[in-house]
Amino acid sequence: SIGLRALAGMYAIGSVVQYVGAITSLVDNLTAFVYTCAGLKTNCQYLAQFYEFLDLPDIKYKGSLTTEKRIDNHYEIEFHNVSFKYPGTDTYALKNFDLKLRVGQRLAVVGMNGSGKTTMIKLLCRLYDPTEGEITLNGINIKKYDYAEYMDLFAVVFQDFKLFALPLGQNVAAAAQVDQERAALCLEKAGFGKRLQGFSQGLDTCLYKEFDKEGVEVSGGEAQKIALARALYKDAPIIVLDEPTAALDPIAESEVYAKFNEIVKAKTAVYISHRLSSCRFCDDIAVFHEGRLVQRGNHEQLLGEKGSKYEELWNAQAQYYQ
Ligand SMILES: Nc1ncnc2c1ncn2[C@@H]1O[C@H](COP(=O)(O)OP(=O)(O)OP(=O)(O)O)[C@@H](O)[C@H]1O
Ligand SMILES: [Mg+2]
């Protein structure tokens, strides 16, 4: 009827259009306002949780000792009678555990699921502190060192490593500033070279599609190569790889092993693997069982110990290779 009255000349057409437009836009904006309020309420709940997290007390002992800067990379790590229970559990994940990492040498760690391999790495990185016993670096409890400086000594690839939806180069450098040449070299060493050449944007290629429609999806094995490259890029004196080749195809795996000597050079290296056939070439193998170190030696020595855990693990896998 407003339209009719407008036609009759009571209101100007222009005003009618203007008012209708204003009312529609008011309704739209009111709706949006209500939605925003609802969103605000939900997001505040997340924020509350986030602040709660930030407010958690930092119970980790904070050391302040600086680590010695050594050109010869003589950083000696030793576990002394370490026992550890995860918070809130009452079984030991590691029990009376002694282990010395020999400087500049490679140690392979094998053992069944849940035998404490990853736990050892977590303690080494001070994600947890031992329940009993101590871990030392050059004779001094690792708790006493400044944490950031201490961690500078390690390049670690965890079993459950994460890559970010950021450019490939930044993933390798773990920083916004990327030394392009070095990143490319590390990717090459980790067996990602060919794939990198296929990227039109090279190291600037974004991983995953969350933030960039042009982003590339990488397979599990490719992700593992990138994680390995990240560890190499850090170029720390001690390199720790938890299941570094689990997702690699046999050819990529043998390439990584072939290059491993060159990759780690004079570094102290620890690598955990379920493939005994690939640890076989390591002259120092540690066998974990139920949170304890049960055997240590080279392949022949360990296999020579009749009725041992290593023999059992080896035979279980070896039957597939005959
Ligand atoms: N966050 C945790 N909280 C409680 N218990 C845990 C936690 N992580 C591991 N455990 C327990 O500690 C024990 C050792 O686990 P760990 O991850 O060290 O084994 P692993 O040797 O690395 O095994 P896998 O070969 O499967 O990687 C297991 O019994 C496991 O259930
Ligand atoms: Mg593990």
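Guide: Let us begin with polar contacts, where a polar contact is a pair of N or O atoms within 3.5 Å; within protein, one must be able to donate a hydrogen and the other to accept it, and residues adjacent in sequence count only if both atoms are side-chain atoms. In this predicted model, a polar side-chain atom of Thr 118 lies 2.7 Å from an oxygen atom of ligand 1. The side chain of Thr 119 has an N or O atom 2.5 Å from an oxygen atom of ligand 1, and a polar backbone atom of Ser 115 is 3.2 Å from an oxygen atom of that ligand. On its own, ligand 1 has 640 Å² of accessible area, of which the protein covers 64%; such areas come from the Shrake-Rupley method with a 1.4 Å probe, and for residues only the protein chains shown count as cover.

Visitor: How are the numbers and letters assigned, and which atoms count?

Guide: Residues are numbered from 1 along each chain as its sequence is written, while chains are lettered from A and ligands numbered from 1 in the order in which they are written. As this is a predicted model, local features need pLDDT of at least 70 and side-chain atom pairs count only at pLDDT 80 or more, whereas totals for chains, interfaces and linings use all residues; side-chain values use heavy atoms, with hydrogens and water left out.

Visitor: How many residues surround ligand 1, and of which classes are they?

Guide: A residue is near a molecule or strand if one of its heavy atoms lies within 4 Å of it. Here 14 residues surround ligand 1, and the closest are Asn 113, Lys 117, Thr 118, Thr 119 and Gln 159. The shell contains three nonpolar, nine polar and two charged residues. In this scheme Ala, Val, Leu, Ile, Met, Phe, Trp, Tyr, Cys and Pro count as nonpolar, Asp, Glu, Lys and Arg as charged, and the others, Gly among them, as polar.

Visitor: Where does Gln 295 lie, and is Gln 295 buried or exposed?

Guide: Buried means under 20% relative accessible area, exposed over 50%, and partly exposed in between (1.4 Å probe, protein chains only). Gln 295 is in strand E10 (residues 292-297) and counts as buried because its relative accessibility is 5%. By contrast, Gln 159 is partly exposed at 44%.

Visitor: What does the side chain of Gln 295 reach?

Guide: The side chain of Gln 295 reaches the backbone oxygen of Leu 302 at 3.4 Å, and one of its polar atoms lies 2.9 Å from the backbone nitrogen of Tyr 310. A polar contact of 3.2 Å also joins the side chains of Gln 295 and Ser 308. Ser 308, in the loop between helix H11 (299-304) and helix H12 (309-318), is buried, with 10% relative accessibility. The side chain of Ser 308 likewise reaches the backbone oxygen of Leu 302, at 3.4 Å.

Visitor: Which residues of H12 are buried, and what do they pack against?

Guide: In H12, the buried residues are Lys 309, Tyr 310, Glu 311, Leu 313, Trp 314 and Ala 318. They pack against strand E3 (106-111), helix H10 (276-279), strand E9 (285-289), E10 and H11, where contact means heavy atoms within 4.5 Å.

Visitor: Where is Thr 205 placed, and with which residues is Thr 205 in contact?

Guide: Thr 205 is in the loop between helix H7 (193-197) and helix H8 (220-234), and is buried, with a relative accessible area of 7%. Leaving aside neighbours within four places in sequence, Thr 205 is in contact with Leu 166, Pro 167, Leu 168, Phe 199 and Val 216. A polar atom of its side chain lies 2.6 Å from the backbone oxygen of Gly 202.

Terms used:
Helix = DSSP H or I, 4+ residues; strand = E, 2+ residues; numbered from the N terminus.
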